[in-house]
Amino acid sequence: MGESHQVGFRFHPRDYQPTKKLVSVGAATVELDIKPMEGNQKFEAFTVLQENTKVVMFEPHMRATGVRMCLDAIWGSTVETLTCSGYNHGWVRVYTYADDAAPLLPKGTILRITGYFDNTPANRNVADPRNWAGLGHRSIDNMMINIARGVPLNEEEFQQELANRRAKLHLGPGQGIPGCPLCGARTTRTVTNQQP
């Protein structure tokens with residue numbers, strides 16, 4: 001007799017109404033030109049956040065030739081790696097950020113995914129590495145998608161999340177942390193143009 005496994009379910013109360021919605025914040029590309037008999041092939045894809053966002057999960061979604069995916073946030077001249085994960089075609093994983101580590105990214109942040117592919121005999125998931133590979137819907141075809149989810153935040157919610165993160169992590173002015181480019185920003189007044 002093998003190992004025993006247990007599964008548990010936790011349900012919200014019947015009258016539960018969510019206050020936030022999850023939205024897709026992942027990047028993807030259809031421009032895959034995976035050469036035969038070549039390892040360490042690199043591809044990138046980008047998306048721009050249209051709203052202030054708290055990124056809550058990262059899911060690298062590739063296919064047989066995929067071996068690794070990284071997610072970077074680009075804000076101004078700062079580039080931060082938010083996560084980098086190996087990819088196993090036999091067991092696709094979702095990585096959920098802890099609440100105090102979930103990236104808090106301002107509107108306009110560029111998210112970049114970088115995928116690495118191995119189309120050689122060293123990759124046991126590849127049926128025949130002598131063949132070119134590209135985008136497709138069969139499991140022997142390939143794709144590069146970050147099925148990430150985030151919570152859009154209006155300006156007031158975003159500022160409150162920043163304040164909570166600063167307080168929880170005891171961050172002072174000028175002290176930043178990865179995934180929160182504005183956590184260390186000094187508070188500034190909004191200046192409006194006033195006519196005399």
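The buried residues of H1 are Phe-158, Leu-162 and Arg-165. Seen down the helix axis, these buried residues fall within an arc of 65°, so they line one face of H1. The model shown in these views is predicted.

**View 1. Helix H1 has a buried side and a face turned away from it.** Phe-158, Leu-162 and Arg-165 are buried. On the face turned away from them sit the exposed residues Glu-156, Ala-167 and Lys-168. What do the buried residues of H1 pack against? They pack against three strands: E4 (52–58), E9 (104–105) and E12 (149–153).

**View 2. The length of H1 agrees with its residue count.** H1 covers residues 155–169, which is 15 residues. At 1.5 Å a residue, the helix should span 21 Å. The C-alpha atoms at its ends are 21 Å apart, so the two values agree.

**View 3. The ends of H1 are marked by Asn-154 and His-170.** Which residue caps the N-terminal end of H1? Asn-154 does: one of its side-chain oxygens lies 3.1 Å from the backbone nitrogen of Glu-156. Glu-156 is also one of the exposed residues on the face turned away from the buried side. Just after the helix comes His-170, with a positive phi of about 55°.

**View 4. Strand E10 is largely enclosed by the rest of the structure.** E10 runs over residues 110–119. Why is it described as largely enclosed? Eight of its ten residues are buried, so the rest of the structure largely encloses the strand.

**View 5. Strands E3 and E6 each pair with E10.** Strands of a sheet pair through backbone hydrogen bonds, either parallel or antiparallel. E3 (residues 38–48) and E10 run antiparallel, joined by nine bridges. Here Gln-41 stands opposite Phe-117 of E10. E6 (residues 66–75) and E10 also run antiparallel, with eight bridges between them. In this pairing, Asp-72 has Arg-112 of E10 as its bridge partner.

**View 6. Three strands form an open, antiparallel sheet.** The order of the strands is E2-E11-E5. Which are the edge strands? They are E2 (28–29) and E5 (60–61), and each pairs on one side only. Two bridges join E5 to E11 (residues 144–146) in the antiparallel sense. Across this pairing, His-61 stands opposite Ile-145 in E11.

Definitions and conventions: Residues are numbered from 1 along each chain as its sequence is written. This is a predicted model: local features need pLDDT of at least 70, side-chain atom pairs count only at pLDDT 80 or more; totals for chains, interfaces and linings use all residues. Side-chain values use heavy atoms; hydrogens and water are left out. Helices (H or I, at least four residues) and strands (E, at least two) are DSSP runs, numbered from the N terminus. The expected span of a helix is 1.5 Å times one less than its number of residues. Buried means under 20% relative accessible area, exposed over 50%, partly exposed in between (1.4 Å probe, protein chains only). The arc is that of the directions from the helix axis to the C-beta atoms. Contact means heavy atoms within 4.5 Å. A polar contact is a pair of N or O atoms within 3.5 Å; within protein, one must be able to donate a hydrogen and the other to accept it, and residues adjacent in sequence count only if both atoms are side-chain atoms. Two strands pair if DSSP finds at least two bridges between them.
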